[in-house]
Amino acid sequence: MKIEKVASSKRFNRELYFFDRARDGFRYLLNKVSSIKDGIVLLPSFIGWSALEGSGVFDPVRESSMEFDFYAMNEKLHIDIDDLQKKFNDNKVAVFVIIHYYGHIDPCYKEVINLARKYSCVILEDEAHALYSDIIDGKCGRSGDAIIFSIHKMLPLKNGGALGINNENVLEKPNNESAASVIFNYDLWTIAQKRKKNARLLHKLTINLDGVKPLWGSLDETETLQSFPVIVEDVDRNILYEIMNNDGFGVVSLYHTLIPEITKEKFPKSHELASKIMNLPVHQDANIDSLEIMCQKLQEAVHKLRRK
Ligand SMILES: Cc1ncc(COP(=O)(O)O)c(C=O)c1O
């Protein structure tokens, strides 16, 4: 067996096509699929909306001519497999969307992919939050037929999104040669290490907080989070959010408001989550001292709100 001097350009390369935002890549995919396949778009039942951003995941679906449905998520924001199976039984699915929320990979990821594979649909992995869990950790993005990245969400840029195509048999490549190397202009490995360290610290700092708890009981250190989700238990999340931001701690709530198509009657757990979720920053500019102060502030604010 020989070894060539130079590795083949055909192996281990990934077809990434760059757009302004992830949703533009998703729109491209839906246009292509709807022209060749019948069936609905099946999405998770935790999709938000904001006046400023609209709904990055859902707007392309709404704009397309395709029908859609949602599968249930449990209180840990993991996929309810029984409901997913039911949705596949009840519908002809053309595009199945799995979202790696906040950079975390569902414990049933492989099982879900195997399930979806039986129905010959196009599997899209939405990696808007999971750029690092894919590129640095290699935990996602290789099982689906296509992926989307939201580069502007994960790096300090105004624009940047990408569509990746893993399976050329199901999706024609976009005619878009502007292979911006933008993501390689950053030291992604160092950024990911910093995010992991920050998430580890936040997990330690929040696990014993009173009234605020990490969404996930244990932290999987083999993935790189976009933000650190916590559940605000018994005070008003919106007021807590205001207090923290007014004090200079850039917490967000992904997603505080769900799109109207995901109703409280059908998906009560999603609504419960949306009313309590808050995401703490783990990004590369946050340091140990500021995260410690942020968590102290969080505790003080919860106690103050309880006294009111
Ligand atoms: C899970 C998810 N997918 C896709 C998007 C769309 O990202 P972009 O703003 O790059 O279109 C967002 C954000 O809106 C998101 O949170």
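**Ligand site, pocket and cavities**

Modeller: About 60 Å³ of space lies in the second largest cavity. A cavity here is a set of points, on a 1 Å grid over the protein atoms alone, where a 1.4 Å probe fits but cannot get out. Volume is the space filled by probe spheres set on the points, with grid points joined across faces, edges and corners.

Colleague: What should I know about the model itself?

Modeller: This is a predicted model, where local features need pLDDT of at least 70 and side-chain atom pairs count only at pLDDT 80 or more, while totals for chains, interfaces and linings use all residues. Residues are numbered from 1 along each chain as its sequence is written, and side-chain values use heavy atoms, with hydrogens and water left out.

Colleague: Which residues line the second largest cavity?

Modeller: Lys196, Ala199, Arg200, Leu219, Asp220, Glu221, Glu223, Thr224 and Leu225. Lining means having an atom within 4 Å of a grid point.

Colleague: And how much space is in the largest cavity?

Modeller: About 80 Å³. Its lining has 14 residues, with Met73, Leu77, Ile99, Tyr101 and Asp106 nearest the centre.

Colleague: Which polar side-chain atom lies 2.6 Å from a ligand nitrogen?

Modeller: One belonging to aspartate 126. In tyrosine 255, a side-chain N or O atom is 2.6 Å from an oxygen atom of the ligand. Alanine 22 uses a backbone N or O atom, 2.8 Å from a ligand oxygen. The cut-off for a polar contact is a pair of N or O atoms within 3.5 Å.

Colleague: How much of the ligand does the protein bury?

Modeller: 96% of the 390 Å² that the ligand exposes when taken alone. Those areas are Shrake-Rupley values with a 1.4 Å probe.

Colleague: Where does the ligand sit, in pocket terms?

Modeller: The space taken by the ligand is the largest pocket. A pocket is an open set of grid points with protein on both sides within 12 Å along at least five of seven lines, and a molecule sits in one if more than half of its atoms lie within 2 Å of its grid points.

Colleague: What volume does that pocket have?

Modeller: About 870 Å³. Of its 42 lining residues, Glu53, His129, Lys153, Gln226 and Leu254 are closest to the centre.

Methods: A polar contact is a pair of N or O atoms within 3.5 Å; within protein, one must be able to donate a hydrogen and the other to accept it, and residues adjacent in sequence count only if both atoms are side-chain atoms.
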